[in-house]
Amino acid sequence: MGSRPASTVDSTDFPVIECETLLEDVLRPLEQALEDCRGHTKKQVCDDISRRLVLLQEQWAEGKLSMPVKKRMALLVQELSSHQWDAADDIHRSLMVDHVTEVSQWMVGVKRLIAEKRSLSSEEETNEEKSAATAEENQTKPGVQQDP
């Protein structure tokens, strides 16, 4: 009989740890994305996104978010991290449709973060293409000696 309460304690510890880990797994990439956008995005926009991420964190920590919302947020973050902008937008949209009362306070910030990160990424790609074109141009210019 002494072992029964111990096993009950063990089984209740796991979901709590799992949720905390999940919160970190979702929040860390969102905060990293926000950091990536700082300097390229207006301070006011970054501050608003940051405030909304704090709301997400608080609601999650207080147990106010359902498991489907948590799972979809984890998926959304994976898509965001993989630069799958359309997939991240689709998940955002489904959360807004299916769980609007749970997510409405902070989801606007997540949507804006997706948009800013997408914009930043396309700027970086454009700059990389320009750099590659410039490097290629320099290699093929007449009068510029190349090794045989």
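This is a predicted model: local features need pLDDT of at least 70, side-chain atom pairs count only at pLDDT 80 or more; totals for chains, interfaces and linings use all residues.
**The whole chain**

Begin with the entire chain in a cartoon view. The secondary structure amounts to five helices and zero strands, and the order along the sequence is α-α-α-α-α. The chain has 148 residues, of which 28% count as buried. Among contacts with a separation of 6 or more, 69% are between residues 24 or more positions apart.

**Helices α3 and α4**

Next, select residues 67-81, which form helix α3, together with residues 85-98, which form helix α4. The axes of the two helices come within 8 Å and cross at roughly 160 degrees. An angle over 145 degrees counts as roughly antiparallel, and α3 is therefore roughly antiparallel to α4. The crossing of α3 past α4 is left-handed.

Show the side chains where these helices meet. From α3, the contact is made by Val69, Arg72, Met73, Leu75, Leu76, Glu79 and Leu80. The residues contributed by α4 are Trp85, Ala87, Ala88, Ile91, His92, Ser94, Leu95 and Asp98. Coloured by class, this contact of α3 with α4 shows ten nonpolar, two polar and three charged residues.

**The loop between α3 and α4**

Keep both helices in view and select His83, in the loop between α3 and α4. His83 is a residue other than glycine with a positive phi, near 60 degrees. Its relative accessibility is 38%, and His83 counts as partly exposed.

Ser121 has a relative accessible area of 5% and is buried. Trp85 also belongs to the contact of α3 with α4.

**The loop between α4 and α5**

Now select His99, which lies in the loop between α4 and α5. Is His99 buried or exposed? With a relative accessibility of 15%, His99 counts as buried, since the limit for that class is under 20%.

Display the surroundings of His99. Not counting residues up to four places away in sequence, His99 touches Ser66, Pro68, Val69, Arg72 and Ser94. Val69, Arg72 and Ser94 are also among the residues that make the contact between α3 and α4.

**Helix α2 and Gln57**

Turn to helix α2, residues 43-61, and select Gln57 within it. Gln57 counts as partly exposed, at 32% relative accessibility. Residues up to four places away in sequence set aside, Gln57 touches Leu23 and Leu27. A distance drawn from the C-alpha of Gln57 to that of Val26 reads 9.4 Å, for two residues 31 apart in sequence.

**The cysteine pair**

Finally, select Cys37 and Cys46 and show their sulfur atoms. The structure holds zero disulfides. For Cys37, which is in no disulfide, the nearest cysteine sulfur is that of Cys46, 6.4 Å away.

Methods: Residues are numbered from 1 along each chain as its sequence is written. Side-chain values use heavy atoms; hydrogens and water are left out. Axes are lines fitted to C-alpha atoms, for helices over the stretch in contact, and angles run from 0 to 180 degrees between N-to-C directions. Helices (H or I, at least four residues) and strands (E, at least two) are DSSP runs, numbered from the N terminus. Angles under 35 degrees count as roughly parallel, over 145 as roughly antiparallel, 65 to 115 as roughly perpendicular and the rest as oblique. A crossing is left-handed if the near helix is turned anticlockwise from the far one by less than a right angle, and right-handed if clockwise. Contact means heavy atoms within 4.5 Å. Ala, Val, Leu, Ile, Met, Phe, Trp, Tyr, Cys and Pro count as nonpolar, Asp, Glu, Lys and Arg as charged, and the others, Gly among them, as polar. Buried means under 20% relative accessible area, exposed over 50%, partly exposed in between (1.4 Å probe, protein chains only). A disulfide is a pair of cysteine sulfur atoms within 2.5 Å.
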